[in-house]
Amino acid sequence: MRTDVKLQNIKEIRKELTRFIMLYKFGLDEINTKIDILQEEFQYIHDYNPIEHTKTRLKSPESILKKIARKNIDFNLEAIESKLRDIAGIRIVCSFISDIYKVSELLQNQQDITVVEVKDYIKNPKPNGYQSLHLIVTIPVFLSDQVKEVFVEIQIRTVAMDFWASLEHKIFYKYNKNVPEHLTEELKSTATVASELDYRMEKLHHEINQLKEDEADEEALLHADDKGQYHIPMALLESFMSEGK
């Protein structure tokens, strides 16, 4: 085959792959819209936003080509679509561990999101200490002539988990994936420290919320009406009456 024909074929492949990747960008846009709505609802209605920040990732054509070669996947769009489920990815960083499961539940309850797979690396951390909640979902993308179900990988983790994963990634690739054993052990140890920090902060969070609830109950109990009279909540009054019987 002549060189110019080969170049033309490569250009056509890249063009087709770029068009294919656009579907995944649209899938990310759909997920991002849902997350934005959840954030605004929490902020304005619940006065609390469990999501610290988000970050999206879309594999490049070069990255996809390398992965299908490494995994020995047939080079056709149908095979790539069925075998590679992490072309589009979004990372959601939450304040607390309980927020991770709350956000996950809210996303999974969306009618147009189909959950394909759930991997809980929080309850079952990876051997290196990595923690995160992974969801593989599909979401419909409405094009001008068809509707396509697109795979999106969602990773949900705390700030501490995200900090650890980011630094572990940098160290891992600095050593070209051949990290010395003593550093591997140290990384695993720091993952345990990060996990302990998460649980301690979660405990503080719950205690502060309980104090707020107690203060609100006390204020409601002592709240006076226009005539200067104090009202006791009916449920509390009934419990006192039942105890006196």
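**Partners in the sheet**

User: Which residue of S4 is the bridge partner of Val 115?

Analyst: That's Val 137, in S4. Thr 114 has a bridge partner in S4 as well, namely Thr 138. Keep in mind that this is a predicted model, where local features need pLDDT of at least 70 and side-chain atom pairs count only at pLDDT 80 or more, while totals for chains, interfaces and linings use all residues. Residues are numbered from 1 along each chain as its sequence is written, and side-chain values use heavy atoms, leaving out hydrogens and water.

User: What makes S3 and S4 a pair?

Analyst: Two strands pair if DSSP finds at least two bridges between them. S3 and S4 (residues 133-142) have 6 bridges, in the antiparallel sense, so by that rule they count as a pair. Helix H4 (residues 97-108) packs on this sheet, touching S1, S2 (88-94), S3, S4 and S5 (147-158), and its direction makes about 170° with that of S5. Touching here means contact, with heavy atoms within 4.5 Å, and such angles run from 0 to 180 degrees between N-to-C directions, with axes fitted to C-alpha atoms (for helices, over the stretch in contact).

User: How many bridges join S4 to S5?

Analyst: There are 10, and the two strands run antiparallel. Leu 135 stands opposite Ile 154 in S5, for instance. S4 and S5 also form a hairpin, with 4 residues between them.

User: Why are S1 and S3 said to stand at the edges?

Analyst: Start with the order: the open sheet has 5 strands, S1-S2-S5-S4-S3, with mixed pairing. S1 (51-58) and S3 (114-120) each have a single partner strand, so one side of each lacks a neighbour in the sheet.

User: And what makes something a strand or a helix here?

Analyst: Both are DSSP runs numbered from the N terminus: helices are H or I with at least four residues, and strands are E with at least two. By that count, the protein chain has 7 helices and 5 strands.

User: Why is S4 called largely enclosed?

Analyst: Buried means under 20% relative accessible area, exposed means over 50%, and partly exposed is in between (1.4 Å probe, protein chains only). In S4, 9 of the 10 residues are buried, so the rest of the structure largely encloses it. Across the protein chain's 245 residues, 33% count as buried.

User: What joins the side chains of Lys 34 and Gln 110?

Analyst: A polar contact of 3.2 Å. The term asks for a pair of N or O atoms within 3.5 Å; within protein, one must be able to donate a hydrogen and the other to accept it, and residues adjacent in sequence count only if both atoms are side-chain atoms.

User: Why are the buried residues of H2 placed on one side?

Analyst: In H2 (residues 61-70) they are Pro 61, Ile 64, Lys 67 and Ile 68. They cover an arc of only 125° around the axis, so they share a side of H2; the arc is that of the directions from the helix axis to the C-beta atoms. On the other side of H2, Lys 66, Ala 69 and Arg 70 are exposed.
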